[in-house]
Amino acid sequence: MTTTDFASTAKPRRTVPFWYLQAARSVPAGILAQYLLAGLALFQDGVFWAWHGGLGMLLSVPISAMALAAWLLAQTRPLRWWAGLLAGLYVTQIVLIVSGQNLESGLLQALHPFNGGLMLVAALVIVAKVERNRARTVR
């Protein structure tokens, strides 16, 4: 009678690509920097609004890369829902501030930081899922 070592025959888990991990880690840091820049613009110097806007546009790179990868790469498919939610919240973020400024609506502009908080939560969930998967595969 032969014994089979199931640990050696099991398929290894796939981890996300290194660039995806770095993109996932950069988004929460970027969102927190956005809050810092907004605070500096309000309480220090209005020139920080330009930095806030520039960093906001720069955040589109990792967010869209993660969303596209979630649909195109097999390793990142389990993150599809969260990456799609983050991309949708990002688009909502842009719509809120642009339409709020054009319509001079304080309510829409007030929803901008609230939506940023939702983005932070979604980004942290993605990081937690990626890191948990990495921890399971390193063992």
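Q: Why is the pair of R25 and E131 called a salt bridge?
A: The term asks for a side-chain nitrogen of Lys or Arg within 4 Å of a carboxyl oxygen of Asp or Glu. The closest N and O atoms of R25 and E131 are 2.7 Å apart, so the pair meets that rule. As for the idea behind it, side chains of opposite charge can pair when their charged atoms come close. Keep in mind that this is a predicted model: local features need pLDDT of at least 70, side-chain atom pairs count only at pLDDT 80 or more, and totals for chains, interfaces and linings use all residues. Residues are numbered from 1 along each chain as its sequence is written, and side-chain values use heavy atoms, with hydrogens and water left out.

Q: How many salt bridges does the structure hold?
A: There are 2. The R25–E131 bridge links distant parts of the chain, with R25 in helix α2 (residues 18–43) and E131 in helix α6, 106 residues apart. A helix here is a DSSP run of H or I with at least four residues, numbered from the N terminus. R134 and E131 also meet in a salt bridge, at 3.1 Å from N to O. These two sit 3 residues apart in helix α6, which means about one helical turn between them.

Q: How do you know whether R25 is buried, partly exposed or exposed?
A: Look at its relative accessible area: under 20% is buried, over 50% is exposed, and anything in between is partly exposed (1.4 Å probe, protein chains only). R25 has 35%, so it is partly exposed. E131 at 27% is partly exposed too, and R134 at 31% gets that label as well.

Q: What makes W19 and Y20 an edge-to-face pair?
A: Rings of Phe, Tyr and Trp (its six-membered ring) pair if their centres lie within 6.5 Å; planes under 30 degrees apart are stacked, over 60 edge-to-face, and the rest tilted. The W19 and Y20 rings have centres 5.8 Å apart and planes at 70°, so edge-to-face it is. A search of the whole structure finds 2 aromatic pairs. W81 and W82 make an edge-to-face pair as well, 4.9 Å centre to centre with 80° between the planes.

Q: Is Y20 buried or exposed?
A: Y20 has a relative accessible area of 0%, so it is buried.

Q: What makes a group of residues a nonpolar core, and which have the most contacts inside the largest one?
A: The members must be buried Ala, Val, Leu, Ile, Met, Phe, Trp, Tyr or Cys residues, joined through side-chain atoms within 4.5 Å. The largest core has 26 residues, and Y20, I63, M66 and L86 have the most contacts inside it. Helices α2, α4 (60–72), α5 (80–102) and α6 each supply at least two of its residues. The largest share, 7 residues, comes from α6.

Q: How do you know what H112 touches?
A: A contact means heavy atoms within 4.5 Å. Not counting residues up to four places away in sequence, H112 touches H52, Q93, L96 and I97. The C-alpha atoms of H112 and Q93 are separated by 5.9 Å, although the two are 19 residues apart along the chain. H112 lies in helix α6, and Q93 is found in helix α5. H112 is buried because its relative accessibility is 15%, and Q93, at 11%, is buried too.

Q: Why do L107, L111, F114 and L118 count as a nonpolar surface patch?
A: Patch residues need over 30% relative accessible area and no salt bridge; like charges are joined within 9 Å, and nonpolar side chains (Val, Leu, Ile, Met, Phe, Trp, Tyr) within 5 Å. L107, L111, F114 and L118 make a patch of about 400 Å², with accessible areas coming from the Shrake-Rupley method with a 1.4 Å probe, and only the protein chains shown counting as cover for residues. F114 sits in helix α6 (residues 106–138) and has 55% relative accessibility, so it counts as exposed.
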